Amino acid sequence: GPKVPLLLAAVLIGVGFSLSSVVSQLWHLWLFFGLIGGVGFGAIYVVPVSTIVMWFQEKRGLAVGLAVAGIGAGVAAMPPIAERLVSSYSWRTGFVVLGLGYAMLLLVAATLLRKPPAKVVLAPSPSSDLQAGGSERTDAAASKSGRPDLTAKEALQTRSFWMLYLSMAIAFAAETLALVHVVPFAEDMGLSPAIAAGAVTLLGI
């Protein structure tokens, strides 16, 4: 279920951000923020989306879209908060406060998210009885759609999994590599830290 990975993510993010507040060398930041915190952040996207997919039979795309929109909302909301913490206190304090805040939110999410009961997962959607054009589904199609899911080990042995994994990794890497340079670039152009953080907020919107 979603509870265990979200609890693990809360621990990884809380620990990663807290340790990032005491770094003294660049590789410390790569380890604490990039690796430990990064692994924790990976669960924030995967776990809720996979849970929503199991809950919704009808309008599943809409449900997933609304959930994923939360990423943009977070990108819009967090830069001003982080900028205020850094300017009012220090970047070290900002790491601790944000890490604890993320961990608390994930703990709340872990208590609320749960797998649907079997009757929800197995219940056919009203529109699944007919194919496009109103014809009945064939036995072969029904059998194919009802086949059991692959286990994690089996999925790792498929080409499709690694193609999807690489495409997502490249897409998110390209986005993140550009995003982290927005504030320094804006400050180099003479803008204040607050306005520079506002530029990231606009990207989230």
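Val-182 is found in helix α9, where helices (H or I, at least four residues) are DSSP runs numbered from the N terminus. This is a predicted model, in which local features need pLDDT of at least 70 and side-chain atom pairs count only at pLDDT 80 or more, while totals for chains, interfaces and linings use all residues. Residues are numbered from 1 along each chain as its sequence is written, and side-chain values use heavy atoms, with hydrogens and water left out.

- Val-182 counts as buried, at 19% relative accessibility; buried means under 20% relative accessible area, exposed means over 50%, and partly exposed lies in between (1.4 Å probe, protein chains only).
- Setting aside residues up to four places away in sequence, Val-182 touches Ala-199, Val-200 and Leu-203, with contact meaning heavy atoms within 4.5 Å.
- Val-182 and Val-200 are 18 residues apart along the chain, and their C-alpha atoms are separated by 6.7 Å.
- Helix α10 (residues 193-204) has 12 residues and reaches 17 Å from its first C-alpha to its last, close to the 16 Å expected at 1.5 Å a residue; the expected span is 1.5 Å times one less than the number of residues.
- The buried residues of α10 are Ala-196, Ala-197, Val-200, Thr-201 and Gly-204.
- These residues cover an arc of only 155 degrees around the axis, which puts them on the same side of α10; the arc is that of the directions from the helix axis to the C-beta atoms.
- The cover over the buried residues of α10 includes α3 (60-88), α8 and α9 (182-188).

**Aromatic rings**

- The structure holds 11 aromatic pairs; rings of Phe, Tyr and Trp (its six-membered ring) pair if their centres lie within 6.5 Å, and planes under 30 degrees apart count as stacked, over 60 as edge-to-face and the rest as tilted.
- One of these pairs is Phe-161 with Tyr-165, which is stacked, at 6.2 Å centre to centre and 20 degrees between the planes.
- Both Phe-161 and Tyr-165 lie in helix α8 (residues 159-179), four residues apart, about one turn of the helix.
- Tyr-165 also pairs with Trp-162: the ring centres are 5.7 Å apart and the planes stand at 75 degrees, so this pair is edge-to-face.
- Trp-162 and Tyr-165 are three residues apart in helix α8, again about one turn.
- Phe-161 is partly exposed at 29% relative accessibility, as are Trp-162 at 39% and Tyr-165 at 47%.
- Elsewhere, Phe-17, Phe-33, Phe-41, Trp-91, Phe-95 and Tyr-102 form one aromatic cluster.

- Ser-20 lies in helix α1 (residues 3-20) and counts as buried, at 0% relative accessibility.
- Leaving aside neighbours within four places in sequence, Ser-20 is in contact with Leu-29, Phe-32, Phe-33, Trp-91 and Phe-95.
- Among the 13 residues of the largest nonpolar core, Leu-6, Phe-17 and Leu-106 touch the most other members; such a core is a set of buried Ala, Val, Leu, Ile, Met, Phe, Trp, Tyr and Cys residues joined through side-chain atoms within 4.5 Å.
- The elements giving two or more residues to this core are α1, α2 (26-55) and α4 (91-112).
- Not counting residues up to four places away in sequence, Leu-6 touches Ala-43, Val-47, Leu-106, Ala-109, Ala-110 and Leu-113.
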